[in-house]
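Subject: Structure handover

Hello,

The structure is below. Notes on what was found in it follow.

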Amino acid sequence: MSRAATAALRDPLRGLSTWWTMLKICLEERLVYRGDFALGTLMRFLPIVTQVFLWTAVFSATSRSDIAGYSRNDIVAYYLLTMLTRAFSSMPGLAGGIARSVRDGSVKKFLIQPVDYVSFLLAARVAHKLVYYAVAVVPFGLVFFLCRSYFPPVPDATTIAAFLLSLVLSFLLGFFMEATLGMLGFWFMEVSSIVFGYMLVQYLLSGHMFPIDLLRTVPVGSGGVSLADVVHWLPFEYTAYFPSAVWLGKVRGPELLGSLAIEAAWVVAMAIACRIAWRRGTRRYAAFGG
Amino acid sequence: MNRYLSIFGTFARACLVRDMTFRANFILECVTSLGWMSMNLAFYLLVFTYTPEIGKGSGWSKAPFFAFVATGLIINAIVQAFFMPSAEELTEMVRTGGLDAVLVQPLDAQFLLSLHRVDFSSLANGLVGVGLLAWALGRMDHTPPAITWLLYPLLLLCGVAILYGLVIMLAAATILMGRNQSLYDFWFYLTNFSRYPAEIYAGPWGGPLRTVCTFVIPILLVVNVPARVIAQPLTGEAWGAVAAAVIAAIASLIASRLVFQRALARYRSASS
């Protein structure tokens, strides 16, 4: 644990006040770009329009009433919900920013200041997300209202609670996964190609592209195990598919609890990995000049 | 014309030399770009395990649909390789004043700004597109008539011309607005509409959207017309679409030229 993190533990109030100051600075910084945020958010719904038409065409050509347990309305609602879950779990620029701070040496200030770098990044990301939600609530609200007929009735309180918990966990999971990737900058300097590879796998296996349930028909080996079963144990589906599937009632009861446990375990694992990478990375880090 | 061809040859050679200097990076770029494409192809294959065609009675069953996808890959690879890298640079050139240096060159500014950088790694997807097209043609119910082989390359060029016009108009918007990152995002979202057969845009919302994307911003003609010519039997309606694509390509080139010239006339230097 870094010196700053140890100090924060000794004096929790001081630690909290530092954290609050970091959050305030980042909030003010982020609010400068609110217009860009709103426009960008609305535009991000455009690809969903083509997905809605594509799936409508697919359903019109098949005699099935559902595909992998999803009706046409479910599929549309699913894509809209993944937009919401990705708003929590996606961390644009995080890994690249960490690697850049290692490359250009700006990370060294966190080695001498009583501020923990990972906590600072987390505060900055919370601020980024808070501003994003404050601005994005309008376009999101508009699109969800216009598309309300695609959604099933509002689920019970337990499902909503599980959904909210899965969203918070997906934020933390997304943060620690990308931060760990960024820490690889201590070893590789440039991580853009690693991040690109990660994004590729993430896009396919997170459920951003299609519901993971579609992979239940894709066998892996000969033991009756499907690709969806394998993906279930990986962290990716918890950043898009899982929260959406919870809201739509596709994951219930013991399966829901088990999946939440897997998601929480991945958050802890990635947080530890991030800390280890930071500690080992700063040990081998060398900075020159002023 | 010869002078411009020779200058473009020099640009292309310089970019190829640069790419080959950083060979590992070049290969990595090809691999990542092929990775994205393979992922999309895997998605389409998955979709076809659940349905015989995209849109009831549309004729876009598996083989014709993959011919459609291949056509899109070829057209986009050409645009991504020859026009997009230069257009992307323009955003920063306007903001930093780098555009001034281009304007004082004894060459046409539009030529210089839209063709000075070539990204050869983008052509990898196009090559796969050609292979995919051959695969799809071998699995189709009908053999395309001889005239198709004349029409198809011409319509590919029309598709490229329409997209080029769009890129240039977005570049012109960059000049007018000083800096404009969102409009390049808009490019990605807009071209997204051309990724699927026009038949999927049906119903009370799809119909008007199809009309707008065909006649106002002719993005639906880019891939749909050449793909239809090669993947489906040539009917009277197809000939109408061919004429529409040719007219749209010419109109797109003329409109983009006019808009770009207007934008340049209003450009105020940013450098000191």
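At what angle do helix α8 and helix α11 of chain B pack? Before the answer, some ground rules: this is a predicted model, in which local features need pLDDT of at least 70, side-chain atom pairs count only at pLDDT 80 or more, and totals for chains, interfaces and linings use all residues. Residues are numbered from 1 along each chain as its sequence is written, while chains are lettered from A and ligands numbered from 1 in the order in which they are written.

Helix α8 (residues 148-177) and helix α11 (residues 219-231) of chain B pack at about 175 degrees, with axes 8 Å apart. Helices here are DSSP runs (H or I, at least four residues), numbered from the N terminus. Axes are lines fitted to C-alpha atoms over the stretch in contact, and angles run from 0 to 180 degrees between N-to-C directions. The angle makes α8(B) roughly antiparallel to α11(B) (over 145 degrees). Residues in contact (C-beta atoms, placed from the backbone, within 7 Å) include B:L155 and B:I162 of α8(B) and B:V222 and B:P226 of α11(B).

Helix α3 of chain B (residues 62-82) has 21 residues. Of these, 18 are buried, so α3(B) is largely enclosed by the rest of the structure. Buried means 20 or more other C-beta atoms within 10 Å of the residue's own, with C-beta atoms placed from the backbone.

Between the chains, 25 residues of chain A are in contact with 28 of chain B. On the chain A side, α3 (34-43), α4 (46-61) and α11 (192-205) each give two or more residues. The largest share, nine residues, comes from α4(A).

Regards

Key: Contact = placed C-beta atoms within 7 Å. Parallel < 35°, antiparallel > 145°, perpendicular 65-115°, else oblique. Expected span 1.5 Å × (residues − 1). Buried ≥ 20, exposed ≤ 12 C-beta atoms within 10 Å, placed from the backbone.
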